[in-house]
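Thank you all for making the time today. I would like to walk you through one structure, beginning with a single residue on its surface and ending in its sheet.

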Amino acid sequence: MSIIASLGGEKLSDVSALGPIVQVGMVVKDIEKAARRWAALLGSPMPEVIVTAPWEQAHTEYRGAPTPARAKLAFFHLGQVDLELIEPIDGPSTWQDHLQTHGESIHHVAFRVQDMEEVIAALEAKGLSLLQRGDYTGGRYAYLEDSGAIIELLEDLPTSP
């Protein structure tokens with residue numbers, strides 16, 4: 001069953017204010033090569049490539065267990081929606097599994113949310129499974145899966161003054 005079918009046509013507000021789509025993520029084998037290709041296609045400059053934080057900072061869990069999962073990331077800002085390129089460099093992770101199973105392809109669609117735990121609980125009640133979660137500077141993320149389709153939740157955390 002697809003994500004849309006599992007939501008039963010209900011309003012998105014029924015799953016705790018799933019926010020707007022803010023990102024499409026694509027898993028790639030070589031981020032520099034993929035970023036050059038996308039930059040040429042989009043007529044934009046090459047984005048900075050960053051590396052995700054180690055477990056001690058990111059507290060990454062994959063399928064409920066701690067993991068050293070890391071990746072190289074590059075972001076193209078395309079108005080309301082970003083294109084995120086992801087090259088897995090350590091695992092296990094959803095990125096690494098996706099690349100091995102599906103090759104270079106779209107990995108997820110991301111939504112900005114508030115109250116991550118409430119949204120995760122609402123989506124799990126609809127039949128989605130929590131795949132991976134972790135922290136990043138200024139926020140946290142979670143990937144949930146429904147029959148192969150993956151959505152990412154992004155939550156900005158308040159900063160201390």
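This is a predicted model: local features need pLDDT of at least 70, side-chain atom pairs count only at pLDDT 80 or more; totals for chains, interfaces and linings use all residues.

Let me start with Leu 41, which counts as exposed because its relative accessibility is 62%, where exposed means over 50% relative accessible area, buried means under 20%, and partly exposed is in between, with a 1.4 Å probe and protein chains only. Residues are numbered from 1 along each chain as its sequence is written, and side-chain values use heavy atoms, with hydrogens and water left out.

Leu 41 lies in helix 2, residues 31–42; helices (H or I, at least four residues) and strands (E, at least two) are DSSP runs, numbered from the N terminus. In the protein chain there are 5 helices and 10 strands, and of its 161 residues, 43% are buried.

Turning to the sheet, we find an open arrangement of 10 strands in the order 2-5-6-1-7-10-9-8-3-4, with mixed pairing, where two strands pair if DSSP finds at least two bridges between them. Strand 2 (49–51) and strand 4 (65–66) stand at the edges with a single partner strand each, so one side of each is left without a neighbour in the sheet.

What about strand 10, is it mostly covered or mostly open? Strand 10 is mostly covered, as 6 of its 8 residues are buried. Strand 7 (residues 105–112) and strand 10 (residues 149–156) run parallel and are joined by 4 bridges; within this pair, Val 109 has Ile 151 as its bridge partner, and Phe 111 stands opposite Leu 153. Helix 5 (residues 116–125) packs on the sheet, touching strand 8, strand 9 and strand 10, where contact means heavy atoms within 4.5 Å. Strand 9 and strand 10, by comparison, run antiparallel and are joined by 8 bridges, with Arg 140 opposite Glu 155 in strand 10. The hairpin that these two strands form has 2 residues between the strands, and Ser 147 there takes a positive phi near 50°.

Finally, a word on contacts along the chain: among those between residues at least 6 apart in sequence, 60% join residues at least 24 apart.

Terms used. Axes are lines fitted to C-alpha atoms, for helices over the stretch in contact, and angles run from 0 to 180 degrees between N-to-C directions.
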